[in-house]
Amino acid sequence: YPGLRFQHLLPILESIRKDGRLENVIISAGMNERTNSVNRVKQILDDILNSFNTLPGVNFFWQGIAVPDTIPKSHQDNLHDINNYIQSKLQERFIQPIPTEQIQIDPSDEIYRIHYNQETVDLNLENAIAHVGRFQKNL
């Protein structure tokens, strides 16, 4: 979903509601909000997080944004603040992002410097799957 912003998530979550077969949903979004402060996106985040409650039987998780050091410091700070806000709301359903030193950017992304290479995508996915497994084991 290229260019995904938080506002695009609500219609996607509505389609999940109609599906009815999902048990676990992992949201991995936020990089495209890097120019926004957490205060600017709080309302849409709250709407998204509150929508999780309308889908009984579905475990929602949010994978923290893996923040690369290739973007401006102000953008890094915004993303860390967004991660902290989401974590404060979801607690154990928040998946810690992989550390910055493990993030590698695709060499072909010479303009934005935000698109992960395949190894980093794989690390993110493995991290998310492991977290969901630990969460379910502790239920």
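Residues are classed here by relative accessible area, with buried meaning under 20%, exposed over 50% and partly exposed in between, as computed with a 1.4 Å probe on protein chains only. The structure is a predicted model, in which local features need pLDDT of at least 70 and side-chain atom pairs count only at pLDDT 80 or more, whereas totals for chains, interfaces and linings use all residues. Residues are numbered from 1 along each chain as its sequence is written, and side-chain values use heavy atoms, with hydrogens and water left out.

By the accessibility criterion, Arg113 counts as partly exposed, at 28% relative accessibility. Arg113 is placed in the loop between S3 and H4, where helices (H or I, at least four residues) and strands (E, at least two) are DSSP runs numbered from the N terminus. Although Arg113 is not a glycine, its phi is positive, at about 60 degrees. Gln91, likewise not a glycine, has a positive phi of about 50 degrees; Gln91 belongs to the loop between H3 and strand S3 (94-95) and is exposed, with a relative accessible area of 53%. For context, most residues other than glycine have a negative phi.

The loop between S3 and H4 also holds Ile105, which counts as buried at 13% relative accessibility. When residues up to four places away in sequence are not counted, Ile105 touches Pro68, Thr70, Arg113, Ile114, His115, Tyr116 and Asn117, contact being defined as heavy atoms within 4.5 Å.

Gln118 is exposed, with a relative accessible area of 53%, and its side chain is joined to that of Asp122 by a polar contact of 2.8 Å. A polar contact is a pair of N or O atoms within 3.5 Å, of which, within protein, one must be able to donate a hydrogen and the other to accept it, while residues adjacent in sequence count only if both atoms are side-chain atoms. Between Gln118 and Gln104, which are 14 residues apart along the chain, the C-alpha separation is 8.6 Å. Leu123 is partly exposed, at a relative accessible area of 26%, and, with residues up to four places away in sequence not counted, touches Ile98 and Gln102. Asn124, by contrast, is buried, with a relative accessible area of 9%, and its contacts, leaving aside neighbours within four places in sequence, are with Gln63, Ala66, Ile98 and Tyr116.

Leu123 and Arg40 are 83 residues apart in sequence and 30 Å apart in space, C-alpha to C-alpha. Asp77, found in helix H3 and partly exposed at 32% relative accessibility, is 65 residues from Ile12 in sequence and 27 Å from Ile12 in space, C-alpha to C-alpha.

The largest nonpolar core has 29 residues, of which Phe6, Leu9, Ile27, Leu45, Phe52, Trp62 and Ile82 touch the most other members; such a core is a set of buried Ala, Val, Leu, Ile, Met, Phe, Trp, Tyr and Cys residues joined through side-chain atoms within 4.5 Å. Two or more residues of this core are given by each of helix H1 (9-19), strand S1 (24-27), helix H2 (38-51), strand S2 (59-63) and helix H3 (73-90). Ile27 touches Leu9, Leu13, Phe52, Phe61, Trp62 and Gln63, residues up to four places away in sequence not being counted. A second, separate core of five residues includes Phe61, Ile95, Val132 and Phe135.

The largest pocket holds about 740 Å³ of space. A pocket is, on a 1 Å grid over the protein atoms alone, an open set of points where a 1.4 Å probe fits, with protein on both sides within 12 Å along at least five of seven lines, and lining residues have an atom within 4 Å of a point. Grid points are joined across faces, edges and corners, and a volume is the space filled by probe spheres set on the points. The lining of the largest pocket consists of 23 residues, with Ser28, Ala29, Met31, Ile114 and Tyr116 nearest its centre. H4 supplies the largest share of this lining, four residues. The lining residues divide into 14 nonpolar, eight polar and one charged, where Ala, Val, Leu, Ile, Met, Phe, Trp, Tyr, Cys and Pro count as nonpolar, Asp, Glu, Lys and Arg as charged, and the others, Gly among them, as polar.
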